[in-house]
Amino acid sequence: MRHIPSVKTLPSTESLSPAAKAVPVLVAALLGVFMLYGVGFAGPQVLHNAAHDGRHAFAFPCH
Amino acid sequence: MLRQILASAVIAGALAGVLVSGLQAIRVVPLILEAETHETSGKTTGTVATAHHHDVPASGHRHENGIAVTRVWAPEEGLERTLYTVLTNVLTATAFALLLTACYALSSDVDWRRGMLWGLAGFAVFHLAPSLGLPPEPPGSTAALLHDRQIWWFGTVAATATGLALLVFHRKDIIKVLGVALLALPHLIDVPQPDTYGDMAPPELVSPYVVAVLVTAGVFWVFLGALSGFLFHRMKDLK
(Lines give C-alpha, C1' and ligand atoms only; values in the text may rest on other atoms or scores of the structure.)
Protein backbone atom coordinates (compact mmCIF):
# COMPACT_ATOMS: atom_id res chain seq x y z
CA MET A 1 0.00 0.00 0.00
CA ARG A 2 1.31 3.42 -0.94
CA HIS A 3 2.33 5.66 1.88
CA ILE A 4 0.28 8.82 1.95
CA PRO A 5 1.83 11.52 4.11
CA SER A 6 -0.60 13.00 6.58
CA VAL A 7 -0.92 16.73 7.06
CA LYS A 8 0.67 16.42 10.48
CA THR A 9 3.93 15.20 9.01
CA LEU A 10 4.33 18.35 6.90
CA PRO A 11 6.93 20.76 8.24
CA SER A 12 5.38 23.71 10.03
CA THR A 13 6.30 27.19 8.87
CA GLU A 14 8.41 27.76 11.95
CA SER A 15 10.76 24.92 11.09
CA LEU A 16 11.56 26.24 7.62
CA SER A 17 15.08 27.52 7.07
CA PRO A 18 15.58 31.25 6.46
CA ALA A 19 16.52 30.48 2.85
CA ALA A 20 13.26 28.58 2.31
CA LYS A 21 11.32 31.51 3.72
CA ALA A 22 13.08 34.07 1.53
CA VAL A 23 11.14 33.44 -1.66
CA PRO A 24 7.58 33.54 -0.23
CA VAL A 25 8.44 36.55 1.93
CA LEU A 26 9.89 38.42 -1.05
CA VAL A 27 6.94 37.51 -3.28
CA ALA A 28 4.44 38.73 -0.66
CA ALA A 29 6.36 41.92 0.10
CA LEU A 30 6.82 42.84 -3.58
CA LEU A 31 3.15 42.11 -4.29
CA GLY A 32 2.18 44.32 -1.35
CA VAL A 33 4.36 47.22 -2.52
CA PHE A 34 3.11 46.84 -6.10
CA MET A 35 -0.53 46.92 -4.97
CA LEU A 36 0.09 49.84 -2.65
CA TYR A 37 1.70 51.81 -5.48
CA GLY A 38 -1.05 50.99 -7.95
CA VAL A 39 -3.90 51.94 -5.63
CA GLY A 40 -2.36 54.84 -3.74
CA PHE A 41 0.25 56.44 -5.97
CA ALA A 42 -0.04 55.53 -9.67
CA GLY A 43 -0.32 58.56 -11.93
CA PRO A 44 -3.01 57.78 -14.56
CA GLN A 45 -6.02 60.05 -14.06
CA VAL A 46 -8.49 57.18 -14.29
CA LEU A 47 -6.80 55.35 -11.40
CA HIS A 48 -6.66 58.58 -9.43
CA ASN A 49 -10.35 59.26 -9.95
CA ALA A 50 -11.39 55.73 -9.00
CA ALA A 51 -9.25 55.72 -5.85
CA HIS A 52 -9.67 59.41 -4.98
CA ASP A 53 -11.52 59.21 -1.67
CA GLY A 54 -9.49 56.23 -0.50
CA ARG A 55 -6.22 58.04 -1.24
CA HIS A 56 -7.33 61.06 0.76
CA ALA A 57 -8.70 58.91 3.59
CA PHE A 58 -5.44 56.95 3.91
CA ALA A 59 -3.49 60.24 3.83
CA PHE A 60 -1.50 59.33 0.72
CA PRO A 61 -0.17 62.40 -1.08
CA CYS A 62 -2.89 63.24 -3.64
CA HIS A 63 -3.16 65.83 -6.49
CA MET B 1 4.27 29.08 3.44
CA LEU B 2 3.35 31.28 0.50
CA ARG B 3 -0.24 30.08 0.73
CA GLN B 4 -0.30 30.84 4.44
CA ILE B 5 0.99 34.38 3.81
CA LEU B 6 -1.34 35.07 0.90
CA ALA B 7 -4.49 33.51 2.35
CA SER B 8 -4.23 35.26 5.72
CA ALA B 9 -3.43 38.59 4.01
CA VAL B 10 -6.29 38.40 1.51
CA ILE B 11 -8.93 37.50 4.13
CA ALA B 12 -7.67 40.05 6.67
CA GLY B 13 -7.36 42.72 3.95
CA ALA B 14 -10.90 42.16 2.68
CA LEU B 15 -12.47 42.35 6.15
CA ALA B 16 -10.32 45.29 7.30
CA GLY B 17 -11.04 47.12 4.04
CA VAL B 18 -14.78 46.81 4.58
CA LEU B 19 -14.42 47.82 8.24
CA VAL B 20 -12.36 50.92 7.43
CA SER B 21 -14.92 51.90 4.77
CA GLY B 22 -17.55 51.96 7.51
CA LEU B 23 -15.30 53.94 9.82
CA GLN B 24 -14.48 56.48 7.10
CA ALA B 25 -18.18 56.99 6.43
CA ILE B 26 -18.61 58.40 9.94
CA ARG B 27 -16.30 61.43 9.67
CA VAL B 28 -13.65 61.22 6.95
CA VAL B 29 -15.78 60.91 3.81
CA PRO B 30 -18.32 63.59 4.90
CA LEU B 31 -15.38 65.95 5.47
CA ILE B 32 -13.95 65.12 2.01
CA LEU B 33 -17.32 65.89 0.42
CA GLU B 34 -17.61 69.10 2.45
CA ALA B 35 -14.09 70.15 1.40
CA GLU B 36 -14.95 69.61 -2.26
CA THR B 37 -17.75 72.16 -2.02
CA HIS B 38 -15.08 74.77 -1.22
CA GLU B 39 -12.93 73.90 -4.19
CA THR B 40 -12.93 76.13 -7.23
CA SER B 41 -11.56 75.56 -10.70
CA GLY B 42 -7.96 76.24 -11.53
CA LYS B 43 -4.68 76.00 -9.71
CA THR B 44 -3.15 78.13 -7.04
CA THR B 45 0.22 79.65 -7.75
CA GLY B 46 3.19 77.32 -7.74
CA THR B 47 1.33 74.64 -5.89
CA VAL B 48 -1.08 71.88 -6.61
CA ALA B 49 -4.34 72.74 -4.93
CA THR B 50 -6.52 71.71 -7.80
CA ALA B 51 -10.12 71.29 -8.67
CA HIS B 52 -11.39 67.78 -9.16
CA HIS B 53 -12.81 65.59 -11.81
CA HIS B 54 -16.20 66.32 -10.31
CA ASP B 55 -16.06 69.81 -11.85
CA VAL B 56 -15.88 68.54 -15.39
CA PRO B 57 -19.30 68.01 -16.96
CA ALA B 58 -20.30 64.63 -18.31
CA SER B 59 -20.61 65.94 -21.84
CA GLY B 60 -17.19 64.64 -22.86
CA HIS B 61 -15.13 67.81 -22.71
CA ARG B 62 -15.37 71.49 -21.93
CA HIS B 63 -13.47 74.60 -22.92
CA GLU B 64 -11.58 76.67 -20.41
CA ASN B 65 -9.86 79.86 -21.64
CA GLY B 66 -10.08 78.51 -25.16
CA ILE B 67 -8.38 75.24 -24.25
CA ALA B 68 -10.30 72.00 -24.62
CA VAL B 69 -10.43 69.98 -21.43
CA THR B 70 -11.18 66.34 -22.11
CA ARG B 71 -13.23 64.56 -19.51
CA VAL B 72 -11.48 61.61 -17.96
CA TRP B 73 -13.65 58.84 -16.57
CA ALA B 74 -14.62 59.16 -12.94
CA PRO B 75 -17.17 57.20 -10.92
CA GLU B 76 -20.64 58.69 -10.74
CA GLU B 77 -21.58 60.42 -7.52
CA GLY B 78 -23.37 58.26 -4.98
CA LEU B 79 -23.29 54.47 -4.95
CA GLU B 80 -20.69 54.06 -7.71
CA ARG B 81 -18.23 56.42 -6.04
CA THR B 82 -18.78 54.66 -2.69
CA LEU B 83 -18.19 51.22 -4.23
CA TYR B 84 -14.91 52.36 -5.80
CA THR B 85 -13.83 53.73 -2.43
CA VAL B 86 -14.62 50.39 -0.77
CA LEU B 87 -12.63 48.60 -3.52
CA THR B 88 -9.73 51.01 -2.98
CA ASN B 89 -9.85 50.35 0.75
CA VAL B 90 -9.93 46.56 0.33
CA LEU B 91 -6.95 46.63 -2.06
CA THR B 92 -5.00 49.01 0.17
CA ALA B 93 -5.75 46.91 3.26
CA THR B 94 -4.68 43.75 1.40
CA ALA B 95 -1.43 45.43 0.36
CA PHE B 96 -0.72 46.41 3.97
CA ALA B 97 -1.73 42.91 5.14
CA LEU B 98 0.73 41.32 2.68
CA LEU B 99 3.53 43.41 4.17
CA LEU B 100 2.45 42.39 7.68
CA THR B 101 2.18 38.66 6.94
CA ALA B 102 5.57 38.76 5.17
CA CYS B 103 6.97 40.08 8.46
CA TYR B 104 5.09 37.38 10.42
CA ALA B 105 6.79 34.74 8.29
CA LEU B 106 10.17 36.04 9.43
CA SER B 107 9.05 36.27 13.04
CA SER B 108 9.16 33.32 15.44
CA ASP B 109 5.55 33.11 16.57
CA VAL B 110 2.66 35.40 15.77
CA ASP B 111 -0.85 35.33 17.16
CA TRP B 112 -3.49 38.07 17.42
CA ARG B 113 -1.68 39.82 20.28
CA ARG B 114 1.64 40.01 18.46
CA GLY B 115 -0.28 40.91 15.32
CA MET B 116 -1.79 43.87 17.13
CA LEU B 117 1.70 45.12 18.00
CA TRP B 118 2.75 44.69 14.37
CA GLY B 119 -0.37 46.67 13.42
CA LEU B 120 0.65 49.49 15.75
CA ALA B 121 4.08 49.45 14.08
CA GLY B 122 2.34 49.68 10.71
CA PHE B 123 0.39 52.69 11.94
CA ALA B 124 3.62 54.36 13.05
CA VAL B 125 5.38 53.58 9.76
CA PHE B 126 2.64 54.32 7.24
CA HIS B 127 0.61 57.02 8.98
CA LEU B 128 2.18 58.62 12.04
CA ALA B 129 5.65 59.30 10.65
CA PRO B 130 4.53 60.61 7.22
CA SER B 131 1.87 62.78 8.90
CA LEU B 132 4.55 64.66 10.84
CA GLY B 133 5.80 66.18 7.58
CA LEU B 134 2.75 65.84 5.36
CA PRO B 135 -0.42 65.97 7.48
CA PRO B 136 -3.52 64.38 5.93
CA GLU B 137 -4.94 66.79 3.33
CA PRO B 138 -8.60 67.21 2.47
CA PRO B 139 -9.32 68.10 -1.18
CA GLY B 140 -8.49 71.73 -1.92
CA SER B 141 -5.45 71.86 0.35
CA THR B 142 -2.42 73.76 -0.82
CA ALA B 143 0.57 71.47 -1.08
CA ALA B 144 3.98 71.04 -2.71
CA LEU B 145 4.38 69.21 -6.01
CA LEU B 146 2.87 65.73 -5.92
CA HIS B 147 6.01 63.96 -7.12
CA ASP B 148 8.14 65.53 -4.37
CA ARG B 149 5.62 64.59 -1.71
CA GLN B 150 5.35 61.01 -2.95
CA ILE B 151 9.13 60.57 -2.90
CA TRP B 152 9.32 62.01 0.63
CA TRP B 153 6.45 59.76 1.73
CA PHE B 154 8.14 56.58 0.45
CA GLY B 155 11.49 57.65 1.88
CA THR B 156 9.93 58.35 5.27
CA VAL B 157 8.13 54.99 5.31
CA ALA B 158 11.34 53.13 4.40
CA ALA B 159 13.46 54.99 6.95
CA THR B 160 10.87 54.58 9.73
CA ALA B 161 10.38 50.86 9.06
CA THR B 162 14.14 50.24 8.98
CA GLY B 163 14.73 52.42 12.04
CA LEU B 164 12.04 50.65 14.07
CA ALA B 165 13.38 47.22 13.04
CA LEU B 166 16.93 48.14 14.10
CA LEU B 167 15.66 49.59 17.38
CA VAL B 168 13.48 46.62 18.31
CA PHE B 169 15.28 43.58 16.92
CA HIS B 170 18.99 44.35 17.33
CA ARG B 171 20.82 43.97 20.60
CA LYS B 172 23.84 46.20 20.01
CA ASP B 173 23.42 49.70 21.38
CA ILE B 174 25.20 51.31 18.46
CA ILE B 175 22.71 49.73 16.06
CA LYS B 176 19.81 50.96 18.20
CA VAL B 177 21.23 54.49 18.03
CA LEU B 178 21.43 54.13 14.25
CA GLY B 179 17.77 53.08 14.32
CA VAL B 180 16.77 56.23 16.23
CA ALA B 181 18.77 58.33 13.78
CA LEU B 182 16.89 56.73 10.88
CA LEU B 183 13.56 57.51 12.58
CA ALA B 184 14.53 61.18 12.83
CA LEU B 185 16.28 61.56 9.47
CA PRO B 186 13.28 62.23 7.15
CA HIS B 187 12.08 65.03 9.42
CA LEU B 188 15.47 66.74 9.51
CA ILE B 189 15.86 66.89 5.75
CA ASP B 190 13.78 69.01 3.43
CA VAL B 191 10.08 68.18 3.83
CA PRO B 192 8.25 69.29 0.64
CA GLN B 193 6.29 72.42 1.46
CA PRO B 194 4.08 74.62 -0.74
CA ASP B 195 5.54 77.82 -2.21
CA THR B 196 2.50 79.79 -1.17
CA TYR B 197 -0.29 79.45 1.32
CA GLY B 198 -3.99 79.87 0.84
CA ASP B 199 -5.97 76.67 1.16
CA MET B 200 -9.31 76.44 -0.53
CA ALA B 201 -10.22 74.06 2.31
CA PRO B 202 -11.27 76.10 5.37
CA PRO B 203 -8.97 75.71 8.42
CA GLU B 204 -12.01 74.83 10.55
CA LEU B 205 -12.34 71.76 8.36
CA VAL B 206 -8.68 70.78 8.12
CA SER B 207 -8.06 70.08 11.85
CA PRO B 208 -11.06 67.77 12.29
CA TYR B 209 -10.03 66.06 9.06
CA VAL B 210 -6.49 65.37 10.31
CA VAL B 211 -7.80 63.95 13.59
CA ALA B 212 -10.48 61.86 11.87
CA VAL B 213 -8.01 60.36 9.37
CA LEU B 214 -5.43 59.47 12.01
CA VAL B 215 -7.92 58.00 14.50
CA THR B 216 -9.56 55.98 11.73
CA ALA B 217 -6.16 54.76 10.53
CA GLY B 218 -5.16 53.80 14.09
CA VAL B 219 -8.27 51.68 14.63
CA PHE B 220 -7.83 50.16 11.16
CA TRP B 221 -4.21 49.14 11.82
CA VAL B 222 -4.94 47.57 15.20
CA PHE B 223 -7.79 45.55 13.66
CA LEU B 224 -5.74 44.56 10.60
CA GLY B 225 -2.78 43.50 12.76
CA ALA B 226 -4.86 41.46 15.21
CA LEU B 227 -6.90 39.76 12.48
CA SER B 228 -3.96 38.99 10.20
CA GLY B 229 -1.97 37.68 13.19
CA PHE B 230 -4.88 35.47 14.24
CA LEU B 231 -5.38 34.11 10.71
CA PHE B 232 -1.67 33.59 10.10
CA HIS B 233 -1.46 31.57 13.32
CA ARG B 234 -4.54 29.50 12.49
CA MET B 235 -3.26 28.75 8.97
CA LYS B 236 0.15 27.52 10.06
CA ASP B 237 -0.41 24.15 8.39
CA LEU B 238 -0.85 25.74 4.97
CA LYS B 239 2.28 25.29 2.88
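This is a predicted model: local features need pLDDT of at least 70, side-chain atom pairs count only at pLDDT 80 or more; totals for chains, interfaces and linings use all residues.
Q: How many of the residues of chain B count as buried, as a percentage?
A: Burial is expressed here as a share of the chain. Chain B has 239 residues, and 38% of them count as buried.

Q: Among contacts in chain B between residues at least 6 apart in sequence, what percentage join residues at least 24 apart?
A: Sequence separation is the feature to read here. Of the contacts in chain B between residues at least 6 apart, 79% join residues at least 24 apart.

Q: What is the mean pLDDT of chain B, and where does pLDDT stay under 50?
A: The chain average is read first, and then the individual stretches. The mean for chain B is 87, and 87% of its residues reach 70 or more. Over residues 41–51 of chain B, however, pLDDT stays under 50; the model has 32 contacts beyond four places in sequence for this stretch. Residues 53–64 of chain B also have a pLDDT below 50, with 19 contacts in the model beyond near neighbours in sequence. For the model as a whole, the scores are ipTM 0.85 and pTM 0.86.

Q: How many residues does the contact take from chain B and from chain A?
A: An interface is read one side at a time. Chain B supplies 51 residues and chain A supplies 33. On the side of chain B that touches chain A, the elements giving two or more residues are α1 (2–26), α2 (28–36), α3 (79–106), α4 (112–133), α5 (146–169) and α7 (203–234) of chain B. The largest share of that side, 15 residues, comes from α3(B). By class, this side of chain B divides into 30 nonpolar, 14 polar and seven charged residues.

Q: At what angle do helix α2 of chain A and α3(B) pack?
A: Helix packing is read from the angle and the distance between axes. Helix α2 (residues 45–57) of chain A packs against α3(B) at about 65°, with the axes 8 Å apart. The angle therefore makes α2(A) roughly perpendicular to α3(B). Their crossing is right-handed.

Q: Which residues in α2(A) and α3(B) meet?
A: Such a contact is read by listing each helix in turn. From α2(A) come A:Ala50, A:Ala51, A:Asp53 and A:Gly54, which meet B:Arg81, B:Tyr84, B:Thr85, B:Thr88, B:Asn89 and B:Thr92 in α3(B). The contact of these helices has three nonpolar, five polar and two charged residues.

Conventions. Residues are numbered from 1 along each chain as its sequence is written. Chains are lettered from A and ligands numbered from 1 in the order in which they are written. pLDDT is the predictor's confidence in each residue, from 0 to 100. Two residues are in contact if their C-beta atoms, placed from the backbone, lie within 7 Å. Helices (H or I, at least four residues) and strands (E, at least two) are DSSP runs, numbered from the N terminus. Ala, Val, Leu, Ile, Met, Phe, Trp, Tyr, Cys and Pro count as nonpolar, Asp, Glu, Lys and Arg as charged, and the others, Gly among them, as polar. A residue is buried if 20 or more other C-beta atoms lie within 10 Å of its own, exposed if 12 or fewer, and partly exposed in between; C-beta atoms are placed from the backbone. Axes are lines fitted to C-alpha atoms, for helices over the stretch in contact, and angles run from 0 to 180 degrees between N-to-C directions. Angles under 35 degrees count as roughly parallel, over 145 as roughly antiparallel, 65 to 115 as roughly perpendicular and the rest as oblique. A crossing is left-handed if the near helix is turned anticlockwise from the far one by less than a right angle, and right-handed if clockwise.
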